[in-house]
Structures are given as structure tokens and as C-alpha cells.
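Student: Can we go through this model together? I would like each label tied to its criterion.

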Amino acid sequence: MVTSVPRLVIAAPSSGSGKTTVATGLMAAFAERGLSVSPHKVGPDYIDPGYHALATGRAGRNLDAYLCGPELIAPLFAHGARGCDLAVVEGVMGLYDGAAGQGELASTAQVAKVLRAPVVLVVDASSQSRSVAALVHGFASWDPEVRVGGVILNKVGSDRHEEMLREALDASGVPVLGALRRAPQVDTPSRHLGLVPVAERRADAVDAVRAMAAQVRRGCDLDALSALARGAGELSGAAWDPAGAVASAPSSPRAEDGPGDRASVGAGNPGNGRLRSPRIAVAGGAAFTFSYAEHAELLTAAGAEIVVFDPLRDEQLPDGTDGLVIGGGFPEMYAPELSANEPLRKAVAEAAVAGTPVAAECAGLLYLSRELDGRPMCGVLDATARMDERLTLGYRDAVAVSDSVLAVAGTRMRGHEFHRTVVEPGAGESPAWGVRAPRPRVEGFVRHGVHASYLHTHWASAPGVARRFVERCLTS
């Protein structure tokens, strides 16, 4: 199979340069032209893909070479971009920044090379003029395998400022494809973990995306950008397929597999042909917005029926719930409302006590605790949670310490932590994971059918996770 979808990677010299504004604006502007635009984000970020989805009407998808391995980047891209006219990939941090101490791994540059995609460099020009040429020259020449095909100047102060910037870049050999003026109306509010998710500010987010599209239309050469995207190289190989991934996952893990290996934790056969599909309730709404699109696809491929519920509004779990997935999000922002929904808290606790399989990540871990910032939560775990000034952030190499509904002991996976909360104790009698860095420790809780942890994982790297969970939902 050959993938030839036109594509661009939107990168920058550093965080805060305006990648999200430009990438989201481009997605929306091209979609307004009637194109089917496939949105992607480099790295583990859950929030930017929400804005991408709003701009395109398609699920925002992550391309993370650390969590999934470089070999899955092109297949996952081809899966998401299937049938599209154009793909826009927003980078992470600076163009060459990746996993700490791992060279180019998980960097925007690595993903651009794997995808054979041209890079558009977004430069914050607010405090420079002629120096912009040296900056762009350095980024364009640092790695000859990275093709910087154009520059978009952001936060330009005036017509004269733009003229000086363009004059400086004339000799660089990198064309200027856009110049955007400072525009506070397209700013999106941030807080302790980045942008406020779309689900929390839907109407304002719609207005912000429209403003981004309008700014990009005014300031960028969309025809030139489209032509650059059409110059991307062809990708060979099959697109990722959730059904195929579940079906081919090994039936048991190998403890000797290293981090990043495609070791599976599944057992038995996929759900095809079963008399019934287990019903898995997935937490959603404003408090639980973090989820990779591939997780639901893998659960469905393994034979499950997915039903979304909102812990802020729904007082009972969906009828016939056989399993429960509570992903990441911002329960700390909604602790009073979550606590006030006592009927649902009791329903979750009763389901867990009855042995219903529960997979909880980060926000889910907080929700299952006894209390969060002094407010009662579900009480499934003998632990308390609170906000903390310190940010815990980084990729993690992990090994399953205890057999659980997701993994058997010895299974190795890669994950990501991103939170400003603390759970005490940090691990139960049967911990979920052993983590090597930044210091050796165990974390998380495995109790009855519950697997709860701070670690965010991407199940496309180990599709047997989904199969094992679905099978436990059938047999619990």
C-alpha cells in the first residue's frame, strides 16, 4: 500500500511560538475550502487534538514515537489520513526537541522524516528583524534530512516590521509563506497543564478556531502551502488497522521484551463471533477529556460496545455496564461537582467491589480515591489526592508489577506522566507499575478488577491490552 496524502508538519524553534494557532488555523482554513483535512499532533498532548477536531470535524490523532515506537508512526498516520485530501501535523516543543536524553526520539524532526513531510517553521518574530535569517538558516541546515520548506512569521508588529523580516529572509533560500499580525482574539486560555480543553469552553473554542482560520486566511499563502504539501514523499506499507492489531496480538507477554517492543498482554481470541458484546462505559464530559482515539477503536475491534457517560451529569452507570474506563482530564477543576454526584460515586464503588473491570489513568486515579482536595470521591482506593505546586512531567519506561485486567506481571510498556497532583500513598499493596526514571519506584494500584495509575499509555503499542480488558469484561 502506498500513502500519498499531501501533508505538512507545522514546527517551531521553541514552545510558545504559535504552532497551535497556525496549525489549527490552517486546518480550519483548508476545511473551509471543502477539503477533508486529517489532523495530527506530535507527542502525547491530549488538548491540542481537541482544537484540531473542532477545526476539521475529524478525530485529532497523536503521533508519538516514544509511546508507540517509530515504526508505528507512518501506519498510524495512514490510518488517520485515509481518504483525506490533506493532512496537517502539529509539532511538539522545538523542532529538534524530543525525549530527554534520547537524541531525536519523539521529536517533530523525527516524525517529519518518518512521514517524508515538508516542515513549515513558525517563528515568533515579535522581538527580532534581521536575526530571523540566522535563526531560520540554523534550523533549516541542522539536519539535512529535515526539509524546511517554508516559514510563517508570527506576531509581526507592523507592515514595516514585516518588510524587514522578508528582506532578511530573501537570501536564506527558505520562502516566507505567511506573516501573521499580533491578534489577542485568537488566544486560548491556559492553566496549570496547558490550554483549557474544548469540552470546557465549547462556544468560545468555536469562536477561537474561527478567528485562527480568519487570521491564517489573511496572512498565509494557502495555495503555496497546498503546493508544498503535495511535494511530500510517498509512504509505503499498510495503514494501521485496529481489527488486525487485536487479532495478531500475541496471546501472552514476554517479560524479557524491552520498552517499546510490541509485546502484547492479550489472551484468547478477539470478540468476533461471541454471542454478546461486553458493554464498556467510558468516562467523558468536561472533567474527563483525555483519550486517544485508537483506544476506543481497539476496544471495539476486540468485540466491545462503547458507551460514553458524564460523571458530572449522569447519576448512574449505563445499563448493562460490564467494564469501566476512566481516562485523564481535569477532575481537580470539578471536584465539587464530582463529589456532589453521590449516586454515581456509589455506583462506581459498587461496580468495583463487585469485580467489574476498571481501567483508570491519572484523572481516573484521582476520581477513584477516597477524596480529592478534601472532597469525597468514589472511595475505591485507600488513598487521598490533592493539588500540588510541583509539575510531574515526562516519559516513563514501566513494567507491570502485578497481574491485572490490563497486563500480566512482567509486561513492559512506555507511558507518560503529566500532572500537578499527588496521591498518597503513591502505590497500593499490589502496585500497577514499576518505573525506572526519574527514580526507581512503584506506583499505582491493582485491586480486584481495578487498574489505576498516573501513567498514560497508548494501546496501539500493545493492542493485547484492549483484548485482555474486553475478555475480563466478559468473564468478570
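Predicted model: local features only at pLDDT ≥ 70, side-chain atom pairs only at ≥ 80, totals over all residues.

Tutor: Leaving out residues up to four places away in sequence, Asp322 touches Arg276, Ser277, Pro278, Arg279, Thr356, Pro357, Cys473 and Ser476.

Student: What makes these residues contacts of Asp322?

Tutor: Contact means heavy atoms within 4.5 Å. Arg276 and Ser476 are among the residues that Asp322 touches.

Student: Why is Asp322 called buried?

Tutor: Its relative accessible area is 17%. Buried means under 20%. Therefore Asp322 counts as buried.

Student: Which strand holds Asp322?

Tutor: Asp322 lies in strand β14, residues 321-326. The protein as a whole has 15 helices and 24 strands.

Student: How do you know that the protein is as compact as a globular protein of its length?

Tutor: Its radius of gyration is 23 Å. The globule rule gives 23 Å for 476 residues. The two values are close, so the protein is as compact as a globular protein of that length. The C-alpha trace spans about 70 × 45 × 45 Å along its principal axes.

Student: What share of the 476 residues is buried?

Tutor: Buried residues make up 60%. The cut-off is again under 20% relative accessible area.

Student: What share of the contacts joins residues at least 24 apart?

Tutor: Take contacts between residues at least 6 apart in sequence: 76% join residues at least 24 apart.

Student: How far apart are the mean positions of the positive and negative charges?

Tutor: They are 2 Å apart, for 46 positive and 53 negative charges.

Conventions:
Residues numbered from 1 in each chain as written. Heavy atoms only, no water. Helix = DSSP H or I, 4+ residues; strand = E, 2+ residues; numbered from the N terminus. Rg over C-alpha atoms; globule rule 2.2 N^0.38 Å. Buried < 20%, exposed > 50% of the residue type's maximum accessible area, 1.4 Å probe, protein only. Lys, Arg positive; Asp, Glu negative; His and termini not counted. Charge placed at Lys NZ, Arg CZ, Asp CG, Glu CD.
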